[in-house]
Amino acid sequence: SCIGLVTLRSVAPSLVPAQTGFVIIGWAAFLITWNFGFTEMLRFRWLFYAGLCLLLVITLFAATLTRGTARWLEIGGIRLQGSQLAVPLVGLVAAQFTYKVGLSSLKKMALFGLITLTPAFLIVIAPDLGTTLVFLLSMASVGFVSDLKTHWLIGGAIFITISTVVA
C-alpha cells in the first residue's frame, strides 16, 4: 500500500489523498475481520451469503452501466464491486458445507452447486466473465479438497472448459 501511494504520487498526485483514505479503510477492515475471528465469521456465513446475493441483485439494477456492464455500485462516494466479495464470502459457506455435509452423493453435490452457482449466475449476467471464471475455479478448488470423487472433478473441469469456450 505504501509503494502504491508512492507510485500514485509520481503519476497522479491529486489522487493521493483519496487513495490514502482507502488504504486506511482497507487496513481498518483487515484489523476488524482479523480480530473478529474465523469461528465467529463461520457463525454468520449465511448472513454474509444472503447479503452478498442481495448486493449482487442490487448491482444489476442500481449500478451505472460502464461499457455495457453493471459491475460497480456507488455507495456514499465509494464504488464497490460486489462480485469481488463473492470468493471469500461464498468460500466460507462452501468450505463449511463440504466440511459438515460433504460431497459424497449427488444430492449433496446439487446443494453445493446451488450454493455456488447462484452467485456465479448473478455475476455472469452483470456481465463480469473474468470474475465469474475466478469465482468458479475457486469454488472448484473447495470441491477438490473435499471428499468429491475424481470422475466428478474431471467432469466439472470439462464443463467449465466448455463453458469458457462457449462464453
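In this predicted model, helix H2 gives the largest share of the lining of the second largest pocket, namely four residues. The space in this pocket comes to about 310 Å³. Its lining consists of Phe22, Ile25, Gly26, Ala29, Ile78, Arg79 and Leu80. By class, the lining of the second largest pocket holds five nonpolar residues, one polar and one charged.

Helix H1, which spans residues 2-11, packs with H2 at an angle of about 165°, and the two axes lie 10 Å apart. Because of this angle, H1 counts as roughly antiparallel to H2, angles over 145 degrees being classed in that way. The crossing of H1 past H2 is right-handed. On the H1 side the contact involves Leu5, Leu8 and Arg9, which meet Val16, Gln19, Thr20 and Val23 of H2. Sorted by class, the contact of H1 with H2 comprises four nonpolar residues, two polar and one charged.

Read from the N terminus, their order is α-α-α-α-β-β-α-α-α-α. Along the principal axes, the C-alpha atoms fill a box of roughly 55 × 40 × 30 Å.

Attention can now turn to the largest pocket, where about 930 Å³ of space is found. Which residues of its lining lie nearest the centre? Of the 31 residues that line the largest pocket, those nearest its centre are Leu117, Leu136, Gly156, Phe159 and Ile160. Helix H6 (106-124), helix H7 (129-144) and helix H8 (150-166) each provide at least two residues of the lining. How does this lining divide by class, and how many of its residues are charged? The lining of the largest pocket has 22 nonpolar residues and nine polar ones, with no charged residues.

Two of the helices that supply this lining, H6 and H7, also pack with each other. The H6 and H7 axes cross at roughly 170° and come within 9 Å. It follows from this angle that H6 is roughly antiparallel to H7. In the contact, Phe112, Thr116, Leu117, Pro119, Ala120, Ile123 and Val124 of H6 meet Leu129, Thr131, Thr132, Phe135, Leu136, Met139, Val142 and Gly143 of H7. The contact of H6 with H7 divides into 11 nonpolar and four polar residues, with no charged residues. Leu117 and Leu136 belong to this contact, and both are among the residues nearest the centre of the largest pocket.

The peptide bond between Ala126 and Pro127 is cis, with omega at about -15°.

Helix H7 has another packing partner in helix H5, which covers residues 86-100. The angle between H5 and H7 is about 20°, and their axes are 10 Å apart. H5 is therefore roughly parallel to H7, the class for angles under 35 degrees. The crossing of this pair is right-handed. From H5, the residues that make the contact are Ala86, Val87, Val90, Gly91, Ala94, Ala95 and Thr98, while H7 brings Phe135, Ser138, Met139 and Val142. Eight of the residues in the contact of H5 with H7 are nonpolar and three are polar, with no charged residues.

Key
Residues numbered from 1 in each chain as written. Predicted model: local features only at pLDDT ≥ 70, side-chain atom pairs only at ≥ 80, totals over all residues. Heavy atoms only, no water. 1 Å grid on protein atoms, 1.4 Å probe; cavity = no way out; pocket = protein on both sides within 12 Å on 5 of 7 lines; lining within 4 Å. Points joined across faces, edges and corners; volume = space filled by probe spheres on them. Nonpolar A, V, L, I, M, F, W, Y, C, P; charged D, E, K, R; others polar. Axes fitted to C-alpha atoms, helices over the stretch in contact; angles between N-to-C directions. Parallel < 35°, antiparallel > 145°, perpendicular 65-115°, else oblique. Left-handed = near helix turned anticlockwise from the far one by under 90°. Contact = heavy atoms within 4.5 Å.
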